[in-house]
Amino acid sequence: MTLDYVKKIFLIDAAACALTFGSGVFATQMIAADTGLSPFIVAEAGWICLGAALLWGWLGTRAQPPIRICWLAIALNIGWIAASIGVFELNYASLTTLGRILVPLQAAGVLMLVALEIMGVRQMSRQRPASA
């Protein structure tokens with residue numbers, strides 16, 4: 001896995017986060033109604049994803065992304081997956097069919113990105129000194 005490939009994965013994550021930000025913040029009521037999630041959860045997810053989009057975008061545009069910050073960003077993605085499972089479990093009764101599909105599906109998508117990011121960051125770590 002090349003550095004350019006890893007950076008593209010980071011940018012894909014940034015784009016997904018930006019999409020979640022835009023839809024969660026600017027279409028809160030519609031998404032809440034369609035999924036059965038509370039508007040608060042939808043909006044908060046959107047705002048959280050703004051920060052994540054900025055972080056992943058920054059990492060994806062660095063010549064040499066800082067390894068420690070890459071691991072931090074991956075840890076935040078793992079936290080997102082855990083939170084998604086919690087939201088699914090705690091709100092299952094109120095979720096619509098779309099919500100019952102969408103919440104675990106987006107968590108699975110983030111898990112896939114995490115797996116690719118871990119492989120890429122491990123490769124970057126092997127190619128650079130530990131102080132990077």
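User: Start outside. Which residues form a nonpolar patch on the surface?

Analyst: Met1, Tyr5 and Met119 do. Together they have about 280 Å² of accessible area. Keep in mind that this is a predicted model.

User: Zoom out. How many helices and strands are there?

Analyst: Five helices and zero strands. Along the sequence the pattern reads α-α-α-α-α.

User: What does the C-alpha trace span?

Analyst: About 50 × 25 × 20 Å along the principal axes.

User: And how much accessible surface does the chain have?

Analyst: About 7,400 Å². Carbon and sulfur atoms account for 73% of that.

User: What share of the residues is buried?

Analyst: 38% of the 132 residues in the chain.

User: Contacts next. Of those between residues at least 6 apart in sequence, what percentage joins residues at least 24 apart?

Analyst: 73% of them.

User: Now the inside. How many residues are in the largest nonpolar core?

Analyst: It has 23 residues. Those with the most contacts inside this core are Phe10, Cys17, Trp56, Leu59, Cys70, Val121 and Met124.

User: Which helices supply at least two residues each?

Analyst: H1 (3–26), H3 (39–61), H4 (67–91) and H5 (97–127). The largest share, seven residues, comes from H1.

User: Pick Cys70. What is it in contact with, leaving aside neighbours within four places in sequence?

Analyst: Cys70 is in contact with Phe10, Trp56, Leu59, Pro65, Val121 and Met124.

User: What does the second, separate core include?

Analyst: That core has seven residues, including Ile31, Ala32, Leu95 and Val103.

User: Switching to Thr35. Where is that?

Analyst: In helix H2, which covers residues 28–35. Thr35 is buried, because its relative accessible area is 2%, against a cut-off of under 20%.

User: What does the Thr35 side chain reach?

Analyst: The backbone oxygen of Ile31, at 2.8 Å. Not counting residues up to four places away in sequence, Thr35 touches Ser94, Leu95, Thr96, Gly99 and Leu102.

User: Now Asn91. Is it buried or exposed?

Analyst: Buried. Its relative accessibility is 18%, so it falls under the 20% cut-off. Asn91 lies in helix H4.

User: Which backbone oxygen lies 2.9 Å from a polar atom of the Asn91 side chain?

Analyst: The one of Val87. Leaving aside neighbours within four places in sequence, Asn91 is in contact with Leu37 and Ile41.

User: Last one, Trp58. Which helix is it found in?

Analyst: Helix H3. Trp58 counts as partly exposed, because its relative accessibility is 36%.

User: What does Trp58 contact, with neighbours within four places left aside?

Analyst: Pro66 and Ile69.

User: And what separates the C-alpha atoms of Trp58 and Ala82?

Analyst: A distance of 24 Å. Trp58 and Ala82 are 24 residues apart along the chain.

Terms used
Residues numbered from 1 in each chain as written. Predicted model: local features only at pLDDT ≥ 70, side-chain atom pairs only at ≥ 80, totals over all residues. Heavy atoms only, no water. Helix = DSSP H or I, 4+ residues; strand = E, 2+ residues; numbered from the N terminus. Buried < 20%, exposed > 50% of the residue type's maximum accessible area, 1.4 Å probe, protein only. Polar contact = N/O pair within 3.5 Å; in protein donor to acceptor, adjacent residues only side chain to side chain. Contact = heavy atoms within 4.5 Å. Core = buried A, V, L, I, M, F, W, Y, C linked by side-chain atoms within 4.5 Å. Patch = residues over 30% accessible without salt bridge, like charges linked within 9 Å, V, L, I, M, F, W, Y side chains within 5 Å. Areas by Shrake-Rupley, 256 points an atom, 1.4 Å probe, with all protein chains shown as cover. Salt bridge = Lys/Arg side-chain N within 4 Å of Asp/Glu carboxyl O.
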